[in-house]
Amino acid sequence: MTRHEFVRQLIPGLTAAPGTCGTGSAPVNIALAKYWGKRDSELNLPRNSSLSVALPSLGTRTRVILIDGPQDRVTLNGQPAPEGFTRRLSAWLDLFRPAGAAFEVETENSVPTAAGLASSASGFAALARALDDLFDWQLDARTLSMLARIGSGSASRSLFDGFAVWHRGERDDGLDSWAEPLPQRWPALRIGLVEVDVTQKPVGSTAGMTRTVDTCPLYDAWPDFAERCVRDLTAAIEARDMEKLGEIAEHNALTMHATMIATRPPVLYWIPESVAAMQRVWALRQAGTGVWFTMDAGPNLKLLFEADARPAVVAAFPDLRIIAPFAP
Ligand code: DP6
């Protein structure tokens, strides 16, 4: 099945007059059990389920207008968007393009683009919502998560606040690979952003995971391990057990990075400052502070801790940007 066929069975239609506008917003999410590896790149189906937490104060706000014309016009934070960004957006918008029409897209991101802070996740989730608004589909969140998934896998999880699980699904047609929220809240949970480098990463996650699946001899162990992490994290969240959550999330991230490093040619996202930050986290833990980290396809760390550990964590990471995912 092509992605065109997949999308057509999910949406009621593409009828809207030129000039019709839609808006949508969505939060960034941080995976605690990572998505790494596709089983179908046409429908963007993952080899493993993943679990994330949304950062409600960071994300994307998007406005889309249907226009006559040959070409999409895309702006990012008020400037014409970089060519690669526009190309990726337009390729996804092709799935929803009425004949002869184009889209004007205004995107406001409150996260550095492509710095391992998952701006593509909030971007495609916000855009899916904006199209839902523009075409007046009134789709449910599960269906929107499947549309966003085609744009970027991690976007499937950005339709929700709080914790979300993206189920890998079993079917070849991809209709059971969607994300849903977990009911638990965790008011004391904190995420600290350690931004060691916010420039564009050298290898994007799509290319990085493809190379890992194709060449890493360790990869075979990953899908079952990741599936187990999702189950154990769900239990840790139900029990509100910080130590268990931190241990599983950190181990999951390091195992993913081990598969990246063992590809040919290697994909190493770490820079010296990343390793120094990891060692600082381990030293804090050694000294009794409950803090763990996770990392995505980039050099930055995201620290995981509870509110009572904040003073000790900030003493070691003075520039830390702290987010409370379940702030009232
Ligand atoms: C390491 O969702 O960016 O952040 O589906 O190819 O767009 P594509 O990949 P993407 O990969 C995210 C990888 C990750 C882990 C995660 O967010 O689960």
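**A walk through the predicted model**

T107 is found in strand β7, and this starting point belongs to a predicted model. With a relative accessible area of 5%, T107 is buried, because a residue counts as buried under 20%. Leaving out residues up to four places away in sequence, T107 touches T60, R61, T62, T75, L76, N77 and F85.

Strand β7, which spans residues 101–109, also takes part in the surroundings of helix α2. This helix runs over residues 83–93, and within it T86, L89, S90, W92 and L93 are buried. Viewed down the axis of α2, these buried residues fall within an arc of 160°, so they line one face of the helix. What do the buried residues of α2 pack against? Their partners are the strands β5 (73–76) and β7 (101–109), together with the helices α3 (119–135) and α4 (141–151).

The ligand is the next stop. Around it stand 17 residues, of which Y35, K38, G153, S154 and T206 come nearest.

In the side chain of Y35, an N or O atom is 2.6 Å from an oxygen atom of the ligand. For R88, the corresponding distance between a side-chain N or O atom and an oxygen atom of the ligand is 2.8 Å. R157 likewise places a polar side-chain atom 2.8 Å from an oxygen atom of the ligand. Taken alone, the ligand exposes 450 Å², and the protein buries 94% of that area.

Is R157 buried or exposed? Its relative accessible area is 4%, so R157 is buried. Beyond residues up to four places away in sequence, R157 touches N29, A31, Y35, S50, S52, A164, W166 and A179. With one of these, S50, there is a polar contact between the two side chains, at 2.8 Å. Y35, which R157 touches, also has a side-chain N or O atom 2.6 Å from a ligand oxygen. R157 and T234 are 77 residues apart in sequence and 15 Å apart in space, C-alpha to C-alpha.

Two further helices complete the tour. Helix α7 (residues 242–261) contains T259, which counts as buried at 3% relative accessibility. Apart from residues up to four places away in sequence, T259 touches W36, T212 and C216.

Helix α8 (residues 272–286) contains R280. With a relative accessible area of 37%, R280 is partly exposed, because that class lies between the limits of 20% and 50%. Setting aside its neighbours within four places in sequence, R280 is in contact with A316 and F317. R280 and D68 are 212 residues apart in sequence, and 55 Å apart in space from C-alpha to C-alpha.

Technical notes:
Residues numbered from 1 in each chain as written. Predicted model: local features only at pLDDT ≥ 70, side-chain atom pairs only at ≥ 80, totals over all residues. Heavy atoms only, no water. Buried < 20%, exposed > 50% of the residue type's maximum accessible area, 1.4 Å probe, protein only. Helix = DSSP H or I, 4+ residues; strand = E, 2+ residues; numbered from the N terminus. Arc of directions from axis to C-beta. Contact = heavy atoms within 4.5 Å. Near = heavy atom within 4 Å. Polar contact = N/O pair within 3.5 Å; in protein donor to acceptor, adjacent residues only side chain to side chain. Areas by Shrake-Rupley, 256 points an atom, 1.4 Å probe, with all protein chains shown as cover.
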